[in-house]
Amino acid sequence: MSTTFTIDTATSRATPTPAPMKRLTIPAIRAAKGGTPLVMLTAYTVRMAQLMDAQCDMLLVGDSLGQVIYGLPSTVPVTLDMMAAHGAAVVRGSYHALVVIDLPFGSYEASPQQAFESAAMLLKATGAAAVKLEGGTAMAETVAFLSQRGIPVMGHVGLTPQAVNQLGGYGARGRSAAEAEKIVADAVAVADAGAFAVVIEGVVEPIAVDITRRIACPTIGIGASAQCDGQVLVAEDMLGLFERTPRFVKTFGGLADHIGAAVATYADEVRSRTFPGPAQLYAPRD
């Protein structure tokens with residue numbers, strides 16, 4: 001059963017949570033290989049976790065929060081403390097989905113021991129079930145080190161946003177034969193090292209199909225292929241909260257327009273003194 005803190009519905013604006021249900025587990029995610037595609041979205045707050053939990057197999061507390069929540073230019077400045085705060089909120093707001101949390105840039109690359117200390121801190125502070133890290137063959141030893149010590153690891157290959165300064169941008173990867181071969185080798189290396197799933201981001205589609213066929217654990221695509229074992233998107237992109245999104249995003253809701261219209265109506269009513277009205281005011285008692 002879930003061990004997350006429940007929300008005090010007497011004081012919280014959040015919708016009352018349902019009775020706790022059994023969360024999906026790492027073995028259940030592994031077993032989904034080749035079956036019904038896994039559904040994964042990012043989440044950074046309690047309320048968004050609540051709204052998405054029932055439909056998602058996994059919620060990713062991504063370091064993309066640096067850009068989405070904090071307006072940073074990339075994921076590079078994101079800290080462990082930022083990930084811990086948002087990770088704990090997402091765990092509190094969910095009961096069904098398996099919660100995965102990103103290890104931020106600089107918190108795991110130096111050594112397997114550094115990665116273990118960072119991952120252990122995040123799992124203790126948040127209650128999340130697993131961590132995600134970027135990198136391929138260079139990180140295989142770290143993936144094995146964590147996995148052998150009870151920390152489930154999701155890999156991430158292809159376009160790796162934490163390496164944006166080295167890559168020179170966010171363009172699709174694998175257009176040359178050499179780069180395509182390296183991406184496949186990276187995915188095989190982290191899968192063989194014990195990753196329970198591998199995110200494939202921003203690659204030429206045949207690469208994602210090849211990887212999905214080659215490795216035993218599920219692949220999660222983002223700008224990769226519908227043939228992956230699951231898909232992930234940044235929720236705010238999917239919901240249409242931003243005017244600019246990557247090519248691989250499909251917008252499933254135009255929330256920016258709805259919010260803009262609601263704020264405009266609110267502003268009009270405030271300026272015309274029609275809000276607050278009688279229904280929102282406290283009348284004196286007789």
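Tutor: Helix 8 gives the largest share of the lining of the second largest pocket, 4 residues. Helices here are DSSP runs of H or I with at least four residues, strands are runs of E with at least two, and both are numbered from the N terminus. This is a predicted model: local features need pLDDT of at least 70, side-chain atom pairs count only at pLDDT 80 or more, and totals for chains, interfaces and linings use all residues. Residues are numbered from 1 along each chain as its sequence is written, and side-chain values use heavy atoms, with hydrogens and water left out.

Student: Which residues lie nearest the centre of that second largest pocket?

Tutor: Gly135, Thr160, Ala163, Gln166 and Lys182, out of 24 lining residues. Elements that give two or more residues to this lining are strand 5 (153-158), helix 7 (164-167) and helix 8 (177-192). A pocket, on a 1 Å grid over the protein atoms alone where a 1.4 Å probe fits, is an open set of points with protein on both sides within 12 Å along at least five of seven lines, and lining residues have an atom within 4 Å of a point.

Student: And how does the lining divide into nonpolar, polar and charged?

Tutor: 9 nonpolar, 9 polar and 6 charged. Asp, Glu, Lys and Arg count as charged, Ala, Val, Leu, Ile, Met, Phe, Trp, Tyr, Cys and Pro as nonpolar, and the others, Gly among them, as polar.

Student: OK, switching topic. How many salt bridges does the structure hold?

Tutor: There are 4, each being a side-chain nitrogen of Lys or Arg within 4 Å of a carboxyl oxygen of Asp or Glu. One of them joins Lys33 to Asp229, with the closest N and O atoms 2.8 Å apart. Those two sit in distant parts of the chain, 196 residues apart: Lys33 in the loop between helix 1 (26-31) and strand 1 (38-42), Asp229 in the loop between strand 7 (219-222) and strand 8 (230-233).

Student: Is Asp229 buried or exposed?

Tutor: Asp229 counts as buried because its relative accessibility is 5%. The cut-offs are under 20% relative accessible area for buried, over 50% for exposed and partly exposed in between (1.4 Å probe, protein chains only). Lys33, at 25%, is partly exposed.

Student: What about Asp102 and Lys132, buried or exposed?

Tutor: Both are buried. They form a salt bridge too, with the closest N and O atoms 2.9 Å apart, and it links strand 3 (residues 98-102) to strand 4 (residues 130-132).
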